[in-house]
Amino acid sequence: MTQGFFVNSANCYGCKSCQVACANEKVLTPGVFIRRVREVEKAGGHAFVSMACNHCAMPACVANCPQGALEKDADTGLVSRDEEKCIGCGTCVKSCPYEVPVV
């Protein structure tokens, strides 16, 4: 079962409340965010997009991690990171089409 997070981007004005609320809910270290709000340029201006790990069906971050620190749970469909194996190389970020691998 793959899980998701619904955001109506038409109503987003970049306040980053969702980013802070997610970090608060997950009890993350201050300054660490799973959800990120990004500003993107578009014709005639800009827009904001709230992004996080999409727990893809075939996650590129899992396939490309040189340490095997990321794995997708067969039962829940969630991607997780083993902090003990992670060396912080950033390959997962580069591999992810959204640049938002699981933290």
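Start by selecting Cys53, Cys61, Leu70, Val79, Cys92 and Val102: these six residues form the largest nonpolar core. A nonpolar core here is a set of buried Ala, Val, Leu, Ile, Met, Phe, Trp, Tyr and Cys residues joined through side-chain atoms within 4.5 Å. Buried means under 20% relative accessible area, exposed means over 50%, and partly exposed is in between (1.4 Å probe, protein chains only).

Before going on, a word on what you're looking at: this is a predicted model, where local features need pLDDT of at least 70, side-chain atom pairs count only at pLDDT 80 or more, and totals for chains, interfaces and linings use all residues. Residues are numbered from 1 along each chain as its sequence is written, and side-chain values use heavy atoms, with hydrogens and water left out.

Setting aside neighbours within four places in sequence, valine 102 is in contact (heavy atoms within 4.5 Å) with Cys53, Leu70, Val79, Ser80 and Arg81.

Now zoom out. The protein chain has three helices and four strands, running α-β-β-α-β-β-α from the N terminus. Helices (H or I, at least four residues) and strands (E, at least two) are DSSP runs, numbered from the N terminus. Of the chain's 103 residues, 25% count as buried.

Next, colour by pLDDT, the predictor's confidence in each residue, from 0 to 100. The chain averages 84, and 94% of the residues score at least 70. Confidence is highest in helix 2 (residues 60-64), at 94, and lowest in helix 1, at a mean of 84.

Select helix 1, residues 17-25, and pick out its buried residues Gln19, Cys22 and Ala23. Seen down the helix axis, the buried residues fall within an arc of 95° (taken from the directions from the axis to the C-beta atoms), so they line one face of helix 1. Part of what covers them is strand 1 (36-42). Turn to the face pointing away from that buried side and you'll find exposed Asn24 and Glu25.

Last stop: serine 50, in strand 2 (residues 45-51). Is serine 50 buried or exposed? Its relative accessibility is 12%, so serine 50 counts as buried. Leaving out residues up to four places away in sequence, serine 50 touches Val7, Cys18, Arg35, Arg36 and Val37. With arginine 35, serine 50 makes a side-chain to side-chain polar contact (3.0 Å). A polar contact is a pair of N or O atoms within 3.5 Å; within protein, one must be able to donate a hydrogen and the other to accept it, and residues adjacent in sequence count only if both atoms are side-chain atoms.
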